[in-house]
Amino acid sequence: YAIATSNTELVANSVIILFITDTDERLYGILESINASWVEGMSCEAERSDEGAESIQDLKRDMKDLRESLRLLAQQVRGGNATQPQAIGSSSRHSNVSSRS
């Protein structure tokens, strides 16, 4: 979203962004020339952190699926609607959950 209300503000915001980007690139170059192995290690750590975020999202999705499966199972045990057992383990990653029950 643009916060500029005039062409002048838009140009000023663009110049500020370009300045920050240029400064960031120069600082990165300085750090890399001082200690390249540290920069490489930090880059690898950042990549692992991104992979970890994807894993967390997968776990959250899995927990949601398991909660829904548990809710349906509890409903069946209490004599609720018995026409929904196919929803248990409907996720491709948990297709063997219903076979273990």
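This briefing covers the fold, the confidence, the salt bridges and one surface patch of the structure shown above. The model is predicted, and its chain averages a pLDDT of 75, with 70% of the residues scoring at least 70. The secondary structure consists of 3 helices and 0 strands, and buried residues account for 8% of the 101 residues in the chain.

**Overall architecture**

- Read from the N terminus, the elements of the chain follow the order α-α-α, with helix α1 spanning residues 7-34, helix α2 spanning residues 36-77 and helix α3 spanning residues 97-100.
- The chain has an accessible surface of about 8600 Å², and carbon and sulfur atoms contribute 58% of that surface.

**Confidence along the chain**

- Among the elements of the chain, helix α1 has the highest mean pLDDT, at 91, whereas helix α3 has the lowest, at 44.
- Across residues 84-101 the pLDDT is below 50, and this stretch has 20 contacts in the model beyond near neighbours in sequence.
- Where pLDDT is low, the predicted coordinates should not be read in detail.

**Salt bridges**

- Side chains of opposite charge can pair when their charged atoms come close, and a search of the whole structure finds 2 salt bridges.
- In one of them, the side chains of R26 and D22 meet with a distance of 2.9 Å from N to O; the two residues are 4 apart in helix α1, and therefore about one helical turn separates them.
- R26 counts as exposed because its relative accessibility is 57%, which lies over the 50% cut-off for that class, while D22, with a relative accessible area of 33%, is partly exposed.
- A salt bridge also links E68 and R71, whose closest N and O atoms are 2.6 Å apart; these residues lie 3 apart in helix α2, so they too are separated by about one helical turn.
- Both partners of this pair fall in the partly exposed class, E68 at 34% relative accessibility and R71 at 42% relative accessibility.

**A nonpolar surface patch**

- Which residues form a nonpolar patch on the surface? I16, F19 and I20 do so, and together they present about 330 Å² of accessible area.
- Is F19 buried or exposed? F19 counts as exposed because its relative accessibility is 57%, and the class of exposed residues begins over 50%.

Note on methods
Residues numbered from 1 in each chain as written. Predicted model: local features only at pLDDT ≥ 70, side-chain atom pairs only at ≥ 80, totals over all residues. Heavy atoms only, no water. Patch = residues over 30% accessible without salt bridge, like charges linked within 9 Å, V, L, I, M, F, W, Y side chains within 5 Å. Areas by Shrake-Rupley, 256 points an atom, 1.4 Å probe, with all protein chains shown as cover. Salt bridge = Lys/Arg side-chain N within 4 Å of Asp/Glu carboxyl O. Buried < 20%, exposed > 50% of the residue type's maximum accessible area, 1.4 Å probe, protein only. pLDDT = per-residue confidence, 0-100. Contact = heavy atoms within 4.5 Å.
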